[in-house]
Amino acid sequence: MTLDSPYWPWKSFFVVTEPGHAPQDDPDESRRAGQVFHDAALPHLSATGHFGIHNRLELAATLGLPRPRGEWPDGQLILHCFARWGVQTPEHLEGQFSFVVQDSRERRVFASVDHLGSLPLLYRREGSRLLLAGDMPAMLGSRNCPRRLNARALFTFSHVDRLPNDPGETLHEGIYAVPPGHSLVADERGLTLRRYWHLEIKPELVPSSEGEIYERARHLVERAVIQRIEGKDRVAVMFSGGLDSSAVAVTAANYLHGRGKTLLALCAVNDPANVGVADERPFMEKLRHLDNVEFQYVDAAGRGPFDGIEDPGQFETTARLPGLGYLFKAINAAADAYGSDIVLNGGVGEFSISGTPAARFMEGATRLGWSAMVAELRSTARIRQIPALRLFASEVKHYYARPALSSAFFLNPAFCDPSGTRPRRSSPLWPDSMEAQLRSLSNALDRRVLAAALPRDLAFGFSKPLWDKNLLEYCLAVPSRFKSGNGYGRLMIRKAFDSVLPKELAWRKGKIRASPDYDMRFNAQLPKAIEFVRGIRTSDPTREIVNVDALWKAMGSLESWSPASGAISRVPETISLINFLRQFPSFSLAE
């Protein structure tokens, strides 16, 4: 995806400032500045950034702005918000945003990201200057940007059971990301990182009746979808046939139908060369009755998890690209060819409306009694076709398990030092699914800064309505008994969309994994990966971090290879890490 892609937020931005001094233009950096917003009534303020403000009407009314809504760019609206509320501005905003406001009168800089950190905002110090960027490519492309590995952050990044100790640290030493729900103030006194939002359980958000609980959940999904596509002409959705993407797709289609517009459903399917593996087409076809939905199957033919490994430059932003990156890139390319304004994605619904209680059976025993719990356990076992005892044991194991220090990569044991990091929050000892979900979400938000370095097409390519602050807070507050029952998990999204989705989608019992032919794509590209690893010399400096021998052993030979548990994801991710390390002078192959 290029800087001029039609996807919101379209372009990255870059700001160079010197807190405590009047703002000055830096001619060497001006080509990266992005659009700067001004207002004649507020000559001392300017703003730049990514703006997707959802409560624009309410803000304009509160601020007493006279002009119609359409004449107020979000960036200009932010200026008036900052003039009224100052550093409390983000507390009044809804939506996705990462922006910078410069105040020449107070000689300060204010930067903020939205509550969930939907969009990245990076910063670094260079002497007396503060440099801020809307994504890692813009930051790394800035003049004199240092390339030093942050080994502690890499260890945290590679272990899902660890959390960063230094808020906002990234894999590049000296480059920080503003964490979700935080803002940054820079003035002559220095830098101050301020938290303006805390995730918490709010029981007052939940209606009293069961019917209203599910109706409210559907309303919040509809609101989140509409807020993202309102005013856009060419809307696409990544549609997998699963519950989450189906709910997003049908909501978008119904809204666009009322405005005489079409929704493009981009359906990821198998490579035609990979026969004998079923995909989700039968479930995707269940929405064919929607007459304003155009279906396009995207097969990402010839693509796979080892795409681009011969070019280390593609891996400069992060050490770990998504294993299905080839699929996301193919979806983005199809959306680009269509001229899409936005691509919706039903991802991370498990954190909101699509979640299943972590201790559903254990809680059932304490809340409903053993007989009721056993009945629910048997119903679930029958639907999922898993022995009841095994199902219960699996819940206990996953709820109480304190995961071992395992890495996403094959790492050199000498590199594995957990000092300087902290363990993730564990579930409470007494079965409590709501508290467990709160801790899980808090862990995800704390680790989200490590995703601020994704390549531009992955950071901006998709908009996720189910990753919405209002929806997330509401679903977190809904008691666990409304999230599973009658043998079904994910009960909230099922009941909320029972009258909207075809029954075959709303009450489907399982789902094929994304990219079902992943193993076949992996094996087709394995010779290229073997050649890559074979070329790593015994003196290669990346061996200080990567256990190349373990990587080679896991790969085996082409003839004997069969995807083993864990290895099939760890192999491409470790190769990605090796390529990432090449940008740093101490790991370069340059003679």
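Reader: Which helices and strands are included in what covers the buried residues of α4?

Author: The model is a predicted one. Helix α4 spans residues 151–158, and six of its eight residues are buried. The cover over these buried residues includes β7 (162–164), β15 (421–423), α12 (433–447) and α19 (567–581).

Reader: Which residues of α4 are the buried ones?

Author: Buried here means under 20% relative accessible area. Helix α4 is mostly covered by that criterion. Its buried residues are Ala-153, Leu-154, Phe-155, Thr-156, Phe-157 and Ser-158.

Reader: Which residues touch the most other members of the largest nonpolar core?

Author: In soluble globular proteins, nonpolar side chains tend to be buried together. The largest nonpolar core in this model has 69 residues. Those touching the most other members are Leu-154, Ile-545, Ile-575, Leu-577 and Leu-581. Apart from this core lies another, of 49 residues, among them Val-250, Leu-263, Leu-287 and Ile-493.

Reader: With neighbours within four places in sequence left aside, which residues is Leu-577 in contact with?

Author: Leu-577 is one of the residues that touch the most other members of the largest core. Leaving aside neighbours within four places in sequence, the contacts of Leu-577 are Leu-154, Ala-319, Phe-409, Leu-411, Ile-545 and Val-546.

Reader: Are the faces of β9 covered or uncovered, and by which residues is each side represented?

Author: Strand β9 covers residues 182–187, and six of its six residues are buried. One side holds His-182, Leu-184 and Ala-186, and the other holds Ser-183, Val-185 and Asp-187. With these residues all buried, both faces are covered.

Reader: How many bridges does β9 form with β10?

Author: Strand β4 (residues 108–113) runs antiparallel to β9 and is joined to it by four bridges, with Ser-112 opposite Ser-183. Strand β10 (residues 190–195) forms a hairpin with β9, with two residues between them. In that pairing Val-185 stands opposite Thr-192. β9 and β10 pair in the antiparallel sense, and the number of bridges is six.

Reader: How many disulfides does the count come to?

Author: Cys-267 is buried, at a relative accessible area of 0%. Cys-475 is buried as well, at 0% relative accessibility. A disulfide requires two cysteine sulfur atoms within 2.5 Å. By this rule the number of disulfides is zero.

Reader: How many residues apart in sequence are the parts that the pair of Phe-328 and Phe-462 ties together?

Author: The whole structure has 16 aromatic pairs. Phe-328 and Phe-462 form one that is edge-to-face, at 5.8 Å centre to centre and 70 degrees between the planes. Phe-462 is buried, with a relative accessible area of 14%. Phe-328 lies in helix α8 (residues 325–338) and Phe-462 in the loop between α13 (456–460) and α14 (469–477), so the separation of the parts tied together is 134 residues.

Reader: Why is the pair of Phe-580 and Phe-584 edge-to-face?

Author: Both Phe-580 and Phe-584 are buried. Planes over 60 degrees apart count as edge-to-face. The ring centres of Phe-580 and Phe-584 are 5.4 Å apart, and the pair is edge-to-face because the planes stand at 75 degrees.

How values were computed. Residues are numbered from 1 along each chain as its sequence is written. This is a predicted model: local features need pLDDT of at least 70, side-chain atom pairs count only at pLDDT 80 or more; totals for chains, interfaces and linings use all residues. Side-chain values use heavy atoms; hydrogens and water are left out. A nonpolar core is a set of buried Ala, Val, Leu, Ile, Met, Phe, Trp, Tyr and Cys residues joined through side-chain atoms within 4.5 Å. Buried means under 20% relative accessible area, exposed over 50%, partly exposed in between (1.4 Å probe, protein chains only). Contact means heavy atoms within 4.5 Å. Two strands pair if DSSP finds at least two bridges between them. Rings of Phe, Tyr and Trp (its six-membered ring) pair if their centres lie within 6.5 Å; planes under 30 degrees apart count as stacked, over 60 as edge-to-face and the rest as tilted.
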